[in-house]
Amino acid sequence: MPECIFCSIVSGEIPAEFVLRTPAVVAFRDLNPQAPTHILVIPTEHHENAAELAQRNPGQAAAVLAATEQVAHEAGLTDYRTVFNTGALAGQSVFHAHAHVLGGRDLEWPPG
Ligand code: 5GP
Ligand code: ZN
C-alpha cells in the first residue's frame, strides 16, 4: 500500500526518528508532538485501525501494546497515556493502526 505514510515509514522510504524496531512493530517520534514525549507505535503490517489489527493479527496487536510500555519505560515515564484514535471524527488522520504514547506533562481527563 504505497500511498500509506506509515507503510512508507516501515519500509524506510520516509525517514523517522525511530526509537524501536522489531519484526512486528516500529516506534518513532511524532512529527507534531502533543507532549514532551510523544511516540507512535505501529504494527509493521497495514491495518486500518486498532480493532482491525486485533481481529486480523492478534499477535501484532499484542506486540504493539507491549511496545507502548517498553518505549514509555525507555523514555523514563512511569505515568503516560496510550491513545488509539479510530475514525476521522475521533481524530484519526492516518489510517494505519497506531498507538500514541504521550507523557512528560500532566494529562487532563476528560481529553478534548
Ligand atoms: P492520528 O491523528 O491518526 O491519530 O495520528 C497520526 C499522527 O501521525 C499525528 O499525531 C501526526 O502528527 C503523525 N504523523 C503524520 N505524518 C507523520 C510523519 O510523516 N512522520 C511522523 N513522525 N509522524 C507523522
Ligand atoms: Zn500502512
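Modeller: P110 is found in the segment after strand 5, and the peptide bond that leads from W109 to P110 is cis, with omega near 5 degrees. The model is a predicted one, in which local features need pLDDT of at least 70 and side-chain atom pairs count only at pLDDT 80 or more, while totals for chains, interfaces and linings use all residues. Residues are numbered from 1 along each chain as its sequence is written, chains are lettered from A and ligands numbered from 1 in the order in which they are written, and side-chain values use heavy atoms, with hydrogens and water left out.

The part to look at closely is helix 3, which runs over residues 58-74; helices (H or I, at least four residues) and strands (E, at least two) are DSSP runs numbered from the N terminus. Helix 3 has 17 residues and reaches 24 Å from its first C-alpha to its last, close to the 24 Å expected at 1.5 Å a residue (the expected span is 1.5 Å times one less than the number of residues). Within helix 3, Q60, A61, V64, A67, T68, V71 and A72 are buried, where buried means under 20% relative accessible area, exposed over 50% and partly exposed in between, with a 1.4 Å probe and protein chains only. Seen down the axis of helix 3, these buried residues fall within an arc of 130 degrees, so they line one face of the helix (the arc is that of the directions from the helix axis to the C-beta atoms). On the other side of helix 3, P58, H73 and E74 are exposed, and just after the helix G76 takes a positive phi of about 85 degrees.

What covers the buried residues of helix 3 includes helix 2 (50-56) together with strand 1 (18-21), strand 2, strand 3, strand 4 and strand 5. Strand 3 is the place of V41, a buried residue with a relative accessible area of 0%. Not counting residues up to four places away in sequence, V41 touches V64, A67, T68 and V71, and also V25, V26, A27, A97, H98, A99 and V101, where a contact means heavy atoms within 4.5 Å.
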